[in-house]
Amino acid sequence: MLRKLFAKILNREDTDDVVTFAKAIESLIDEISLDIFREHKSTLLTEPNTYVVPAVWGAMKEKELTIVQRDIHAKIAPAMEEILDLLIHESLTAPQKFAMGYLVRGLFISKIIYMVEFYKSLSAKHGETDGKGHDLKDIEPMGHA
């Protein structure tokens, strides 16, 4: 599905299509990150932010991933594969390919941690400590790069 959308975008020659391409990837990352936050909110709110990093990468040194971390990785892995297939060309070297994956994973990590911290801040402003007051359904980014 995503590949068909990007194929149409890549076949056009307008400058705006580059922005459309980037926004489509951003939208996918936002949607998956929000789904992960909603599904695992209670765990993400109680664990340190560093809990997200091995979940996104799918590995942890000297430890096994928790069930929640494995589930998070299972949601991100197919999207990562799809995004990287679209972004990476055969002419790139292995280090360049790794760098692309590193940047996309970093974006997932940043988005999820931002949602956690935004939720904590929002809950603190409203005096809520139970973690049930908001679901971030109306969250919108405050700008685009």
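pLDDT is the predictor's confidence in each residue, on a scale from 0 to 100. This is a predicted model, in which local features need pLDDT of at least 70 and side-chain atom pairs count only at pLDDT 80 or more, while totals for chains, interfaces and linings use all residues. Residues are numbered from 1 along each chain as its sequence is written, and side-chain values use heavy atoms, with hydrogens and water left out.

The protein chain averages a pLDDT of 82, and 75% of the residues score at least 70. Where pLDDT is low, the predicted coordinates should not be read in detail.

Next, the layout. The protein chain has five helices and zero strands, in the order α-α-α-α-α from the N terminus. Helices here are DSSP runs of H or I with at least four residues, strands are runs of E with at least two, and both are numbered from the N terminus. Of the contacts in the protein chain with a separation of 6 or more, 61% are between residues 24 or more positions apart; contact means heavy atoms within 4.5 Å.

Buried residues make up 32% of the 145 residues. Buried means under 20% relative accessible area, exposed means over 50%, and partly exposed is in between (1.4 Å probe, protein chains only).

Now helix α4, residues 67-87. α4 has 21 residues and reaches 30 Å from first C-alpha to last, close to the 30 Å expected at 1.5 Å a residue. The expected span is 1.5 Å times one less than the number of residues. Where does α4 bend? The bend is at Ile76, by about 30°, and a proline, Pro78, follows within four residues. That angle is taken between axes fitted to the seven residues ending there and the seven starting there. The buried residues of α4 include Val68, Ile72 and Ile76.

Two of those names come back with His40, which lies in helix α2 (residues 16-46). His40 is buried, at 9% relative accessible area. Leaving aside neighbours within four places in sequence, His40 is in contact with Val68, Asp71 and Ile72.

That brings in the charged pairs. Side chains of opposite charge can pair when their charged atoms come close. A salt bridge is counted when a side-chain nitrogen of Lys or Arg is within 4 Å of a carboxyl oxygen of Asp or Glu, and the count is four.

Asp30 pairs with Lys111, with the closest N and O atoms 2.6 Å apart. Asp30 is in α2 and Lys111 in helix α5 (residues 94-125), so the pair ties together parts 81 residues apart in sequence. Lys111 is buried, at 18%.

Asp71 forms a salt bridge with Lys75 at 3.0 Å between the closest N and O atoms. The two are four residues apart in α4, about one helical turn. Asp71 is partly exposed at 24%, and Lys75 is partly exposed at 27%. Glu39, Asp71 and Lys75 are linked in a network of salt bridges.

In α5, Glu117 and Lys120 are three residues apart, about one helical turn, and their side chains meet in a salt bridge at 3.5 Å, N to O.
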